[in-house]
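User: I am new to this structure and would like to learn how to read a few of its features. Could you take me through them step by step?

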Amino acid sequence: MLRFLPLKVGRLYRCLKLLLVVGLFVILLMNTHSLFASFQKNELTDRRFINLNKCPACFGTSWCRKFMNGQVSFETWGRLRFLDVFNVKNVYFAQYGEPREGTRRVVLKRLGSNQELAEIDQKICKRATGRPRCDLIQAMYKTEFARINGDVRLLTPEVVEGWSDLVHCPSQRLLDRVVRRYAETKDSGSFLLKNLKDTERMQLLMTLAFNPEPLVLQVTSVLTLRCLVTPSLIDILWVRYIQTANLWSQVLLIRLLDLLRRRWRIHEYKSFPSDEGWPFAKYLGACGRMVAVNYVGEELWSFYNAPWEKRVDLARQLMDIAEQLTNNDFEFALYLLDVSFDNFAVGPRDGKVIVVDAENVLVADKRLIKQNKPENFDVWYESRSRNSLCTRVTVDHNYYAVCQNLLSRYATWRGTTGGLLHDPPAHIAKDGQLESLLDECTRPKKRYGRFQAAKELREYLTQLAASSSSVTARETVLFISELSRSRFSYVMSLAPLCAVGGSCIRKWWAAIRGSGERGSGTHATLDSSYRKPEYPSNKGSDVAPTTSPPELLFYNI
């Protein structure tokens, strides 16, 4: 009897697979019409799909013009609505296009599951009317979100304390910072509530209560110079200055305007911006209940089986983030309450680790703690309770969260164990220092052992990353030396020909500089819209020029 048991299990497994395939095929046939319609229609222009019709019970309207103009569109799989069953977190990838800058990838979030969004609607209705269903827009004006109106000068801690992790123990300094840098208003820069419209004020408070992630990431442009580089200004400068200037002045002025335009366009501020060193993704805007965030890169989980050197660098950055969020010059401690592999992403170009999910971030104002001086406020605290994070100046919570959930052998994710630093090289495993530091950081045996272990672990990972970089640098030097040797042979082959005339000096100079023909290669080139000026050649002259060719200088601007 037992001999036939594996055979029966195998048959049952094959039948289940067949039923699953048939079921998916039937679902596909039933949704064929909507499937083709999804590819033809940009649903992000639908007010109901993005819940714009529920405002002011929404997250903002700063990006509505971009949504309605069709500048934001789902990527291929995001257009298939029947796949939303698997997209529990309501996170989508999309393409955002600007006429002058091309398209780029962005991330769209609803900041909650469909059930959570439905529950917030029911709570608003119950608070306003006592019933679970109602006119949401009218109900918003009967809730506490509307009671904090323009007559209230400041958003105070007593009003919002405990609404979310961000304001679990808020200070006035934190709330002033949030209001002053609120991005969903045109008149940002003031911490006074009266400068916000009624709808903007309700959107701010609802975001603070439901999911404060946008307020952590949020951008508020405070540079009045951002709007100075406009087409009208360029026209004025062209008529008065650029058109009458010589060629080199024209090039320098146009290039300067382009650099200023690009610089001021991206120089923006957040509640905790990357300009100040905060490792958070860039907030772009919102429309209805759809929030747009800059796409950072692949999630940290994608690097679980990366080469050891890469994983060491990522681990070092994670420990640096833990230190940075705990101790910084702004005297705000940001404690990560939800640390997992999918809450971090890695930039494809610079390899920088960024926090991409900031919903569960508790902010403690160290300046306020030092001022109020609660009991044992200056005693180091080993993380055990959330409430104690608000009463101690020095807490090891972030070190514990990163070591326990990401780096050590106790870290688990999607059925795997071992953490990011699994399977170290033989000489590191034999040394035992890395495993010892990770164990002490996760489960300390000494009092305050985690603080010391976190410090030594950061130093040790920095050493490992530096040794890996030195190996890579040696390989790069060998490659460059080999490349230079072959280039030198090419240059020397050109040298006798250059005695005939000055026409080959340009080619010789380009070979020495490694730029190839006419300034291409490693040298930066101007945009294709700029025409390269024509210079008189040295044809017919046997005298070599005393300076470098002008076109190469032109391409180095």
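**Reading a sheet and a buried residue**

Analyst: Strand 6 (298–299) and strand 8 (344–346) pair in the antiparallel sense over two bridges, where pairing requires that DSSP finds at least two bridges between two strands, and strands are DSSP E runs of at least two residues, while helices are H or I runs of at least four, both numbered from the N terminus. This is a predicted model, in which local features need pLDDT of at least 70 and side-chain atom pairs count only at pLDDT 80 or more, whereas totals for chains, interfaces and linings use all residues. Residues are numbered from 1 along each chain as its sequence is written, and side-chain values use heavy atoms, with hydrogens and water left out.

User: Which residue stands opposite glutamate 299, and what is the order of the strands in the open sheet?

Analyst: In general, strands of a sheet pair through backbone hydrogen bonds, either parallel or antiparallel. Here glutamate 299 faces alanine 345 of strand 8, and the open sheet of three strands runs in the order 6-8-9 with antiparallel pairing. Strand 6 and strand 9 (353–355) each have a single partner strand, so one side of each is left without a neighbour in the sheet.

User: Is serine 408 buried or exposed, and where is its place?

Analyst: Buried means under 20% relative accessible area, exposed over 50%, and partly exposed in between, with a 1.4 Å probe and protein chains only. Serine 408 has a relative accessible area of 0%, and is therefore buried; its place is in the loop between helix 15 (397–407) and strand 11 (412–413). Leaving aside neighbours within four places in sequence, serine 408 is in contact (heavy atoms within 4.5 Å) with Cys403, Gly418, Gly419, Leu438 and Thr442.
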